[in-house]
Amino acid sequence: MGQLNAGIVPVTPFQQNCTILFDMDDKHGVVVDPGGDIDKVLAVLKDNAISAGAIWLTHGHIDHAGGAMELKEALGIDIIGPHEADKSLLDNLENQGRRYGIAGARNCVPDRFLTEGDTVSFGSHVFEVLHCPGHAPGHVVYYNRAAKFAHVGDVLFRGSVGRTDLSGGDHAALIASIKDKLLPLGDDIGFVCGHGPGGRFGEERRTNPFLT
């Protein structure tokens with residue numbers, strides 16, 4: 001099994017961390033949350049000789065899912081996730097784009113919705129799916145137990161947590177998702193998030209003002 005690696009491509013005016021997860025040996029992987037600027041994402045894949053076999057979505061907000069259909073058509077690959085509770089968000093991405101001034105956003109129809117306990121994988125890298133509502137009703141987190149790594153989308157940030165003032169947001173549910181599902185995985189779990197730098201769960205448990 002090759003080493004799991006993560007490359008970040010900031011996209012959209014929100015500077016969302018579109019993430020390319022890939023195996024260092026065979027350069028096969030997936031694209032997580034292609035919110036927009038798909039030409040930039042495709043260029044990074046080409047320049048690094050990475051073959052993307054699927055698109056994984058953490059949730060249905062414009063800066064995470066707005067470019068998913070364009071990338072699907074460009075590469076001929078499936079869109080996996082998020083949880084079906086975000087279907088209404090995915091059905092209204094074009095409206096979200098107009099509201100936030102993001103051109104080219106398209107409504108998204110995943111090939112497969114995910115639920116708690118599902119697994120997704122590429123090559124030998126297996127990720128467990130955790131349904132973590134609060135920021136969005138259908139938000140999911142992708143957790144790789146072997147690598148002690150999680151892609152947490154907009155659930156948790158370094159020193160902060162996801163906003164809950166958008167449609168479908170629920171602050172109590174968000175904090176419960178973090179405390180009941182993420183932190184118990186262990187202090188040594190490293191994470192990539194949807195915006196800004198990642199970190200480790202232990203540091204957030206000890207110092208994040210929303211959790212202490």
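Predicted model: local features only at pLDDT ≥ 70, side-chain atom pairs only at ≥ 80, totals over all residues.
An open sheet is formed by 6 strands, which follow one another in the order 1-2-3-4-5-6, and their pairing is mixed. The edges are taken by strand 1, residues 4–11, and strand 6, residues 112–114. Each of these has a single partner strand, so one side of each is left without a neighbour in the sheet. On average, and with direction ignored, neighbouring strands of this sheet are turned by 25° against each other.

Within the sheet, I would draw your attention to one pair of strands. Strand 4, residues 51–56, pairs with strand 5, residues 78–83, in the parallel sense, and the pairing runs over 3 bridges. As an example, Ala-54 has Asp-78 of strand 5 as its bridge partner.

What packs on the sheet? Helix 1, residues 38–47, does so, and it touches strand 1, strand 2 (16–23), strand 3 (28–32) and strand 4. The direction of helix 1 makes about 150° with that of strand 1.

Which residues of helix 1 are buried? They are Ile-38, Val-41 and Leu-45. Seen down the axis of helix 1, these buried residues fall within an arc of 60°, so they line one face of the helix.

The axes of helix 1 and helix 3 come within 10 Å, and they cross at roughly 40°. Helix 1 is therefore oblique to helix 3. The crossing of these two helices is right-handed. Where they meet, helix 1 contributes Ile-38, Asp-39, Val-41, Leu-42 and Leu-45, while helix 3 contributes Glu-70, Leu-71, Ala-74 and Leu-75.

I turn now to backbone geometry.

Just after helix 1, Ala-49 takes a positive phi of about 55°. Gln-15, in the loop between strand 1 and strand 2, also has a positive phi, near 50°, and is a residue other than glycine. In the loop between strand 3 and helix 1 we find Asp-33, whose phi is positive at about 60° although it is not a glycine.

Are Gln-15 and Asp-33 buried or exposed? Gln-15 counts as partly exposed because its relative accessibility is 46%. Asp-33, by contrast, counts as buried because its relative accessibility is 0%.

Where is the cis peptide bond? It joins Gly-81 and Pro-82, with omega about 0°. Pro-82 is found in strand 5, which pairs with strand 4 in the parallel sense.

Strand 8, residues 125–131, is mostly covered, with 5 of its 7 residues buried. Strand 8 pairs with strand 7, residues 119–122, in the antiparallel sense over 4 bridges. In that pairing, Ser-121 has Val-126 of strand 8 as its bridge partner. The hairpin of strand 7 and strand 8 has 2 residues between the strands, and within this hairpin Gly-123 takes a positive phi near 55°.

Strand 8 also pairs with strand 9 in the antiparallel sense, again over 4 bridges. Here Glu-128 stands opposite Tyr-143 in strand 9.

Finally, consider Arg-145, which lies in the loop between strand 9 (140–144) and strand 10 (149–151). Arg-145 and His-125 are 20 residues apart along the chain, and their C-alpha atoms are separated by 9.4 Å.

Thank you for your attention.

Conventions. Residues numbered from 1 in each chain as written. Heavy atoms only, no water. Pairing = 2+ DSSP bridges. Axes fitted to C-alpha atoms, helices over the stretch in contact; angles between N-to-C directions. Contact = heavy atoms within 4.5 Å. Buried < 20%, exposed > 50% of the residue type's maximum accessible area, 1.4 Å probe, protein only. Arc of directions from axis to C-beta. Parallel < 35°, antiparallel > 145°, perpendicular 65-115°, else oblique. Left-handed = near helix turned anticlockwise from the far one by under 90°.
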